[in-house]
Amino acid sequence: MELLGEYYNHRYGLDFRSARFPGIISATTPGGGTTDYAVQLFYDAIETGHHECFLEPDTRLPMMYISDCIQSVIQMMECPADKLSQRTYNIAAFSFSPAEIVAEVQKHVPFNSGLQD
């Protein structure tokens, strides 16, 4: 899709814009993606007191808050086409590991993280 959009931009002048996002953190129930463990961890800590994470404790994955995601889309769409240096962008925010997020959540809600050291 990205290559086709870039082709149409170059060939026909189509104003094509594309963004790639990290895992998005929001208040909605996770859908089962790789980065959904972070949001699911909050639900599990409160609802069951136990969370089973399938990642290694030190695996860092890129994340972004939904509000930052929305703001980045708005900024990209409001930017004049002639100011864009490319047509596809990788949007970045921050990264953390399961061990890091567990340590922070456990400061407020003690629970069994299921992490193996």
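Let's start with a handy term: a residue is buried when its relative accessible area is under 20%, exposed when it is over 50%, and partly exposed in between (1.4 Å probe, protein chains only). By that rule Tyr65, with a relative accessible area of 45%, is partly exposed. The structure above is a predicted model, in which local features need pLDDT of at least 70, side-chain atom pairs count only at pLDDT 80 or more, and totals for chains, interfaces and linings use all residues. Residues are numbered from 1 along each chain as its sequence is written, and side-chain values use heavy atoms, with hydrogens and water left out.

**The sheet**

- Helices (H or I, at least four residues) and strands (E, at least two) are DSSP runs, numbered from the N terminus.
- Three strands make an open sheet in the order β2-β3-β5, with mixed pairing; two strands pair if DSSP finds at least two bridges between them.
- Strands β2 and β5 are at the edges with a single partner strand each, so one side of each has no neighbour in the sheet.
- From one strand to the next, the twist averages 45°.
- β2 and β3 run parallel and are joined by three bridges; Ile25 has Tyr65 in β3 as its bridge partner.

- Helix α2 lies across β2, β3 and β5 and runs at about 70° to β3. Here axes are lines fitted to C-alpha atoms, for helices over the stretch in contact, and angles run from 0 to 180 degrees between N-to-C directions.
- This helix covers residues 37-47, and its buried residues are Tyr37, Ala38, Val39, Leu41, Asp44 and Ala45.
- Those buried residues pack against β2 (23-25), β3, β5 and α4 (98-106), where contact means heavy atoms within 4.5 Å.
- A nonpolar core is a set of buried Ala, Val, Leu, Ile, Met, Phe, Trp, Tyr and Cys residues joined through side-chain atoms within 4.5 Å. The largest one has 16 residues, and those with the most contacts inside it are Tyr37, Leu41, Met63, Phe96, Ile101, Val105 and Phe111.
- At least two residues of this core come from each of α2, β3 and α4, and α2 gives the most, with five residues.
- Beyond its neighbours within four places in sequence, Leu41 is in contact with His51, Ile101, Val102, Val105 and Phe111.
- After α2 comes Gly49, with a positive phi near 75°.

**Aromatic pairs**

- Rings of Phe, Tyr and Trp (its six-membered ring) pair if their centres lie within 6.5 Å; planes under 30 degrees apart count as stacked, over 60 as edge-to-face and the rest as tilted.
- The whole structure holds five aromatic pairs. In one of them, Tyr8 and Tyr12 are tilted, at 5.3 Å centre to centre with 35° between the planes.
- Both Tyr8 and Tyr12 sit in helix α1 (residues 2-12), four residues apart, or about one turn of the helix.
- Tyr8 is partly exposed at 36% relative accessible area, while Tyr12 counts as exposed at 54%.
- Tyr65 and Phe94 make a tilted pair too, because their ring centres are 5.1 Å apart and their planes are at 45°.
- Tyr65 belongs to strand β3 (residues 61-65) and Phe94 to strand β5 (residues 94-96), so this pair ties together parts that are 29 residues apart in sequence.
- Phe94 is partly exposed, at 27% relative accessibility.
- Tyr7, Tyr8 and Tyr12 form one aromatic cluster.

**A serine in helix α3**

- Helix α3 (residues 66-78) contains Ser72, which is buried with a relative accessible area of 15%.
- Not counting residues up to four places away in sequence, Ser72 touches Phe21 and Ile91.
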